[in-house]
Amino acid sequence: MQPALTFGNYQAHFVDTLQQLEAHEVWQRQPFTIVLVDSNTRAYCLPRLMELAVFQDALILEVPAGESTKNLDMCEHIWESLLAAKAGRDAVLVNLGGGMVSDLGGFVAGAYKRGIPFINIPTTVLAMVDATVGAKTGINLGGVKNSIGLFNEPEAVFFHLPFLETLPHEEVLSGFAEMLKHALLSGQEHWDALVAVGPEGIIANPELIIRSLKVKQAIVGQDPLEQGIRKTLNLGHTIGHALESESMRLGKPLLHGHTVALGMVAELWLSMQILGFPQKDFKAVSNYLLGLYGSFLNIDLSLDNLAELVGNDKKNRSKQFSFSLLQQFGKPEYNCNVSREQLLEALVYLRGSL
Ligand SMILES: NC(=O)c1ccc[n+]([C@@H]2O[C@H](COP(=O)([O-])OP(=O)(O)OC[C@H]3O[C@@H](n4cnc5c(N)ncnc54)[C@H](O)[C@@H]3O)[C@@H](O)[C@H]2O)c1
Ligand SMILES: [Zn+2]
């Protein structure tokens, strides 16, 4: 078994068998277990959990799969279900699923009766390397991604890699994009190791998942509330979120990681213009990203809409856009000022390279 990784006040445990999860003290302290699943994790993941004694009497709450479930109506629905079940301070909410379930569940748990404890059991690559660690939770409102949310730490996170066996390939690719982002932030050797294995090799190489987690752990550990260096984890996300929102508005939603990968192409282009990111590295990285993710961008990109959406980003407080960019592999910078003209040029570059 891998040693646990510490994040803030909680630990991420790697469990080879789900029985190992029963050893955690939370089940004694919080005897009323509620499991939040979506329709897919109910079908593919919940049956394995239900074999454990601690889940025998659990209340199961199912929400529809998909990003559009991460909304306020769904929170209300879950809060009403918790009230109807008389869930109180003895309850623990287990988020069994991808980042949608853990973002929604973590937020719901944070506000219900001023906060009940929750556990994350990620079942996607993206949720393992990113969404379930770092304590960000939240929902979408008014077409703006993650606009309502809380920093809210789980009690613990349990990684059980066999859950990934049923994950569709495009979802593996989505999580792989966040792993590539971690590699860009950490150094060329990490990038080369990931590219050598490719998205197909992730499940067979759990050490790459762990390596990715360690990048996130090191950054979040220095700056849990995103006052400074944690902003570097937003590489690809400022433009990525705009692409994600725009694709949702057009009724052709793109997966989070796919938009982050394409956002990284545009943001590395900005990095080259503004911070001197080396041109040969830009070519290699953007060719790789476009090869894996370019074909997903099948929407008609309106540059004005995208620039408007970038302006709505929580990180932009003034007319100048604020980006996290890369000086070179492993050398990120945050609070980089980008003008509207530069942003539009980056979007033109992205559109032209598809
Ligand atoms: N809080 C954070 O720090 C953070 C970081 C990154 C992303 N996110 C959020 O995470 C979400 C994206 O996460 P995601 O990619 O995991 O999406 P997701 O939770 O929507 O899961 C993707 C799809 O895979 C299905 N699925 C999940 N596990 C499965 C399994 N084991 N087998 C088969 N199907 C399975 C789901 O039902 C869904 O259809 C977005 O809402 C994003 O904003 C949050
Ligand atoms: Zn992300």
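## Basis of the description

Residues are numbered from 1 along each chain as its sequence is written, while chains are lettered from A and ligands numbered from 1 in the order in which they are written. Because the model is predicted, local features need pLDDT of at least 70 and side-chain atom pairs count only at pLDDT 80 or more, whereas totals for chains, interfaces and linings use all residues.

## Domains and their contact

The chain is divided into domain 1 (5-166) and domain 2 (169-352), with bounds that come from an automatic or database domain assignment. The C-alpha centres of domain 1 and domain 2 lie 26 Å apart, and the contact between them takes 22 residues from domain 1 and 28 residues from domain 2, two residues being in contact if their C-beta atoms, placed from the backbone, lie within 7 Å.

On the side of domain 1 that touches domain 2, strand 1 (5-7), helix 6 and strand 8 (144-151) each supply at least two residues; helices (H or I, at least four residues) and strands (E, at least two) are DSSP runs, numbered from the N terminus. Helix 6 gives the most to this side, with five residues.

## The shell around ligand 1

Ligand 1 has 30 residues around it, of which Asn40, Gly98, Gly99, Met100 and Thr124 come nearest; a residue is included if its C-beta atom, placed from the backbone, lies within 6 Å of the molecule. Two or more residues of the shell come from each of helix 2 (39-44), helix 5 (99-111), helix 6 (125-131) and helix 7 (169-186).

The shell divides into 10 nonpolar, 13 polar and seven charged residues. Because both domain 1 and domain 2 give residues to the shell, ligand 1 lies between them.

## Helix 4 with helix 5

Helix 4 (residues 72-84) packs with helix 5 at an angle of about 55°, their axes being 10 Å apart; axes are lines fitted to C-alpha atoms, for helices over the stretch in contact, and angles run from 0 to 180 degrees between N-to-C directions. The two helices are therefore oblique to each other, since angles under 35 degrees count as roughly parallel, over 145 as roughly antiparallel, 65 to 115 as roughly perpendicular and the rest as oblique.

The crossing of helix 4 and helix 5 is right-handed, a crossing being left-handed if the near helix is turned anticlockwise from the far one by less than a right angle, and right-handed if clockwise. Met74, Cys75, Ile78 and Trp79 of helix 4 make the contact with Leu104, Phe107 and Val108 of helix 5, giving seven nonpolar, no polar and no charged residues.

## Helix 11 and its two partners

The axes of helix 10 (residues 237-249) and helix 11 come within 7 Å and cross at roughly 130°, so that these helices are oblique to each other, in a right-handed crossing. Residues that meet here include Leu243 and Glu244 in helix 10 and Leu262 and Ala266 in helix 11, and the contact has five nonpolar, six polar and two charged residues.

Helix 11 (residues 256-275) and helix 14 (residues 340-352) have axes that come within 9 Å and cross at roughly 125°, which makes helix 11 oblique to helix 14. This crossing is right-handed. Leu262, Val265, Ala266, Trp269, Leu270 and Gln273 in helix 11 meet Gln342, Ala346, Leu347, Tyr349 and Leu350 in helix 14, a contact of nine nonpolar, two polar and no charged residues.

Notes
Ala, Val, Leu, Ile, Met, Phe, Trp, Tyr, Cys and Pro count as nonpolar, Asp, Glu, Lys and Arg as charged, and the others, Gly among them, as polar.
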